[in-house]
Amino acid sequence: MGQEKIQPGEIVSLLIAQGLLSEENARYAMRVHAKLGSGKTLIDTLKDLKYVEAEQLKEVLRANHLSLKIGDLLMELGYLSREKLNAALSIQKGQKNKRLGEVIVENQFMTEADFIEALSVQLGFPFIDLVTEEIDKKLIENIPIKWCISNHFIPIRKEDGKTLLAFMDPFSKSDIQGAQKLFGSNFIPGIASPYLIEKKLEKVSAGRLRSRADVDENTAIGIVESIISSAIDQGASDIHIEPFEERLQVRFRIDGILVPFKIFAINAANMVTARIKILCKANIAEKRRHQDGRMSFEHDGNNYDLRASFFVTVFGEKIVLRILNRIDQIIRLDHIGMQPKMLDRFKKDVLTAPSGVMVITGPTGSGKTTTLYSCVSDIANPQINIVTAEDPVEYMVEGISQCSIDTTINRTFDETLRHVVRQDPDVIVIGEIRDNFSANVAVNSALTGHKVLTSFHTEDSVSALIRLMNMDIDAFLISSTLSCVLAQRLLRRICPHCSEAYKPTSWDMRFLNYTAQDIGKYEYLKGRGCTACNHTGYRGRVAVFEMLVLDEFIKAAILESRASYELRKISIETAGFVTLMEDALSKISKGITTFEEAFRCIPRLVPPRPVHEINRLLGVI
Ligand SMILES: [Zn+2]
């Protein structure tokens with residue numbers, strides 16, 4: 001056979017480069033190996049000659065495996081003949097997406113066991129026996145399984161902050177790079193049977209499909225049904241359905257405060273959102289833009305109107321459903337919580353006046369819409385025409401013409417107001433004064449003999465006057481058309497099941513600038529907290545009001561463009577006017593709500609008068 005040329009090969013070159021083998025010894029080993037001509041490899045001969053120790057060899061291979069080609073390595077280590085390697089390489093050429101290791105095992109140039117042994121024993125990639133090894137379920141839940149399938153690895157578990165990954169072929173640069181995209185350099189590449197990796201990945205991905213199927217259309221219908229029904233039963237005003245990384249959280253707003261309802265697995269999110277979108281006639285396919293919608297919902301024989309908002313967050317669409325009220329939920333004016341003398345005056349001087357603008361003001365969630373509807377239903381009768389422009393219609397009132405603004409079809413607020421005045425109205429309801437235009441429509445309609453009911457967004461009654469004066473509306477127009485500004489807040493009611501006596505503290509007194517005499521001898525109460533009130537001490541809410549009727553003194557002050565503190569001073573001197581804080585103090589003295597609640601919700605603009613004085617002004621005995 002002549003003299004066979006023996007190439008030192010990559011491993012031997014590496015050993016020489018690392019100083020573990022002298023060139024002289026290498027040449028000698030090559031000569032011996034050529035003479036033996038057996039099935040042994042050059043590496044075996046080096047070991048036999050004790051030029052290299054098995055452990056040394058492994059160390060060098062492990063440290064340098066990235067610079068070695070797997071084919072040459074397997075050949076040098078004696079796992080593959082040159083012929084078989086060449087055959088494997090040419091097969092691989094025709095199957096570009098296959099890795100050499102895969103081709104070698106598939107075409108039985110090497111057994112899978114030998115291949116794994118070569119890589120784990122010689123190169124030190126930890127061998128992972130997938131028959132016995134448990135896969136960390138939590139770990140794999142958060143990993144895109146398709147990515148694992150296309151990059152031929154499966155995550156096993158965390159080890160010292162790094163993730164152990166089982167690769168079919170840890171020599172595959174593209175697979176390693178695929179893993180790097182998910183884990184950075186924070187992983188330990190291991191090796192496992194390609195067949196078992198494939199089977200495990202199939203199982204995980206099928207499991208995912210199954211758990212996705214757990215929340216099928218029918219389940220989603222059930223979930224949505226139970227969320228909305230429970231919210232209505234618990235008296236919630238809003239439902240929040242919020243996706244996070246691993247959960248879908250549902251909370252209800254009850255008495256103004258968000259309380260947790262339930263947490264669902266995140267895989268329920270898509271179906272639940274789709275179901276609500278169907279009910280709201282929103283676009284199911286659109287997931288990247290915010291959307292609005294509206295639906296009606298039947299529960300216990302009643303129909304409820306719900307307004308939906310779909311808001312795109314980083315974890316998906318957050319849904320807020322506002323439960324709008326129905327006509328039978330409109331509170332009669334006598335029951336909205338106005339104290340006797342205030343209610344009397346409100347009815348006589350404000351509601352029965354044939355024209356003028358009545359403004360209800362307060363921040364969002366202060367109950368002004370409820371009061372607005374109580375007023376509308378109080379004055380509605382077959383002899384008058386009431387037309388509304390609302391965004392949106394929140395309560396349906398029998399016998400009046402309500403229009404809901406819909407900007408998506410260009411039925412804007414301005415456009416609607418222009419048409420409302422041509423509808424021969426007696427009473428115009430403008431959902432909210434939001435700009436100069438709507439303010440002007442309100443004032444001009446009142447000037448032409450209409451009665452206008454509207455809402456505004458300010459802290460208190462005097463601030464509403466000031467804001468109108470700053471809206472480029474002639475002071476004369478304001479003073480001659482505005483009939484009343486009603487400011488309000490909702491305070492939580494003391495839970496009747498756990499209320500107990502409360503002695504006002506020195507802190508309460510200081511806050512109010514009160515003496516013991518000012519606070520008087522009333523039966524003050526506070527909720528201890530019980531199961532009926534979710535241990536909050538509160539259940540339900542009560543409105544507090546501040547009614548500013550524009551009398552001659554206030555009108556004169558407006559014409560003189562007086563400052564807000566002067567307007568406040570003049571109002572208080574006006575007979576019958578009590579501030580929000582004063583009305584709250586009266587209700588506290590009746591054991592309805594607490595000092596704490598009033599201090600939390602109401603601005604303190606002027607020091608309140610003594611409680612007995614307030615009660616006298618309000619006609620509370
Ligand atoms: Zn209670």
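Helices (H or I, at least four residues) and strands (E, at least two) are DSSP runs, numbered from the N terminus. This is a predicted model, in which local features need pLDDT of at least 70, side-chain atom pairs count only at pLDDT 80 or more, and totals for chains, interfaces and linings use all residues. Residues are numbered from 1 along each chain as its sequence is written, and side-chain values use heavy atoms, with hydrogens and water left out.

**View 1. Thr-481 in helix α20.** Thr-481 lies in helix α20. Is Thr-481 buried or exposed? Thr-481 is buried, with a relative accessible area of 5%. Buried means under 20% relative accessible area, exposed over 50%, and partly exposed in between (1.4 Å probe, protein chains only). Thr-481 and Ser-355 are 126 residues apart along the chain, yet their C-alpha atoms are separated by 8.0 Å. Thr-481 also belongs to the lining of the second largest cavity.

**View 2. The second largest cavity.** This cavity has a volume of about 50 Å³. A cavity is a set of points, on a 1 Å grid over the protein atoms alone, where a 1.4 Å probe fits but cannot get out; lining residues have an atom within 4 Å of a point. Grid points are joined across faces, edges and corners, and a volume is the space filled by probe spheres set on the points. The lining consists of Val-357, Val-359, Ile-433, Ala-439, Val-443, Leu-468, Ile-478, Thr-481 and Leu-482. Two or more of these residues come from each of β10 (356–361), α18 (436–447) and α20 (475–481). By class, eight lining residues are nonpolar, one is polar and none is charged. Here Ala, Val, Leu, Ile, Met, Phe, Trp, Tyr, Cys and Pro count as nonpolar, Asp, Glu, Lys and Arg as charged, and the others, Gly among them, as polar.

**View 3. The largest cavity.** The structure holds two cavities of 30 Å³ or more. The largest has a volume of about 110 Å³. How many residues line the largest cavity? There are 13, and Glu-546, Thr-579, Leu-580, Leu-605 and Val-606 lie nearest its centre. The lining of the largest cavity divides into seven nonpolar, two polar and four charged residues.

**View 4. The zinc site.** Which residues coordinate the zinc ion? Cys-495, Cys-498, Cys-530 and Cys-533 do, each through SG, at 2.3 Å. Donors are N, O and S atoms within 2.8 Å of the metal (3.2 Å for Na, K and Ca); water is not among the atoms, so sites may look incomplete. Along the chain, the zinc donors follow the spacing C-x2-C-x31-C-x2-C. The site is tetrahedral, with angles of 106 to 111° among its four donor atoms. Four donors count as tetrahedral if all angles lie between 85 and 135 degrees. Cys-530 and Cys-533 are buried.

View 5. Asp-391 and Pro-392 are joined by a cis peptide bond, with omega about 0°. Pro-392 sits in the loop between β11 (386–390) and β12 (401–404). Ile-400 is found in the loop between β11 and β12 too. Ile-400 is buried, with a relative accessible area of 13%. From Ile-400 to Ile-228 the C-alpha distance is 29 Å, across 172 residues of sequence.

**View 6. Two residues with positive phi.** Most residues other than glycine have a negative phi, and most peptide bonds are trans. Asn-410 is not a glycine, but its phi is positive, at about 70°. Asn-410 is in the loop between β12 and α17 (413–420). Asn-410 is exposed, with a relative accessible area of 59%. Asp-472, also not a glycine, has a positive phi of about 65°. Asp-472 lies in the loop between α19 (461–469) and α20. Asp-472 is exposed, at a relative accessible area of 70%.

**View 7. Thr-454 in strand β14.** Strand β14 (residues 451–456) holds Thr-454. Thr-454 is buried, with a relative accessible area of 0%. The C-alpha atoms of Thr-454 and Met-358 are separated by 6.3 Å, although the two residues are 96 apart along the chain.

Definitions and conventions: Four donors count as tetrahedral if all angles lie between 85 and 135 degrees; four count as square planar and six as octahedral if opposite donors are over 155 degrees apart and all others between 65 and 115; anything else is irregular. On a 1 Å grid over the protein atoms alone, a cavity is a set of points where a 1.4 Å probe fits but cannot get out, and a pocket is an open set with protein on both sides within 12 Å along at least five of seven lines; lining residues have an atom within 4 Å of a point.
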